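Please keep the model at hand as you read.

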Amino acid sequence: MLSTKRLRTGAGTARISDMSKRKHELVLAALALLVFAGVVVVSAIRVPPLQPAKPSVTQSQSGSSTVSGESRSAASSTGKQTQAVQAKTDGKINLNTASHAQLMTLPGIGEVKAQAIVDYRARNGSFLRVEDLDAVAGIGPATIEKLRSLVVVE
């Protein structure tokens, strides 16, 4: 049962239960306003649409490539781009862009030295000259001379 005590105010008397109802209504109105403001803010935030995954091209030691995540027409276009890059470098392997597998096709470069070249690039950035290979662990002047006509730095 609600309290029937009376409270004296400047405008007259009011029941305590009436005041707590009004307070309750004000709290609910404030809460509704906060929820509405939250909905407005959340709807104003724009989330960029998801982009499709980019296809990856892997090349085996034999030189054949496998394309995942794209159609054959896109794969042939990628092949044309690769041919264009190779033509640009006159068939030489670019030390700054070559993959681990491409590096392994070079004479005297096996799995360990190819990884050492990739790691060196990751740590120090692009090669400026072919002679910079001397700084890679396991590669000396004799190996550089073997590679000089087969590689390019761009």
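Five residues of α4 are buried, namely Ala114, Ala116, Ile117, Tyr120 and Arg121. Here buried means under 20% relative accessible area, exposed over 50%, and partly exposed in between, with a 1.4 Å probe and protein chains only. Because these residues cover an arc of only 160 degrees around the axis, they sit on the same side of α4; the arc is that of the directions from the helix axis to the C-beta atoms. An α-helix has 3.6 residues a turn, so residues three or four places apart point the same way. On the other side of α4, the exposed residues are Glu111, Val112, Ala122 and Arg123.

Please bear in mind that this is a predicted model: local features need pLDDT of at least 70, side-chain atom pairs count only at pLDDT 80 or more, and totals for chains, interfaces and linings use all residues. Residues are numbered from 1 along each chain as its sequence is written, and side-chain values use heavy atoms, without hydrogens and water.

The buried residues of α4 pack against α3 (100–103). Take Ile117: leaving out residues up to four places away in sequence, Ile117 touches Leu103, Ile109, Phe127, Leu133, Val136 and Ile139, where contact means heavy atoms within 4.5 Å. Ile117 is also one of the residues that touch the most other members of the largest nonpolar core, which has 19 residues. Such a core is a set of buried Ala, Val, Leu, Ile, Met, Phe, Trp, Tyr and Cys residues joined through side-chain atoms within 4.5 Å. α4 gives the most to this core, with four residues.

Here is α4 in brief.

| Item | Value |
|---|---|
| Length of α4 | 14 residues |
| Reach of α4, first C-alpha to last | 20 Å |
| Expected span of α4 at 1.5 Å a residue | 20 Å |

After α4 comes Gly125, with a positive phi near 90 degrees. Further on, Asp132 lies in the loop between α4 (111–124) and α5 (141–147). A polar atom of the Asp132 side chain is 3.0 Å from the backbone nitrogen of Arg129. Asp132 is also in contact with Tyr120 and Phe127, leaving aside neighbours within four places in sequence.

Stepping back, the chain has five helices and six strands; helices (H or I, at least four residues) and strands (E, at least two) are DSSP runs, numbered from the N terminus. Of its 154 residues, 18% count as buried.

Notes
A polar contact is a pair of N or O atoms within 3.5 Å; within protein, one must be able to donate a hydrogen and the other to accept it, and residues adjacent in sequence count only if both atoms are side-chain atoms. The expected span of a helix is 1.5 Å times one less than its number of residues.
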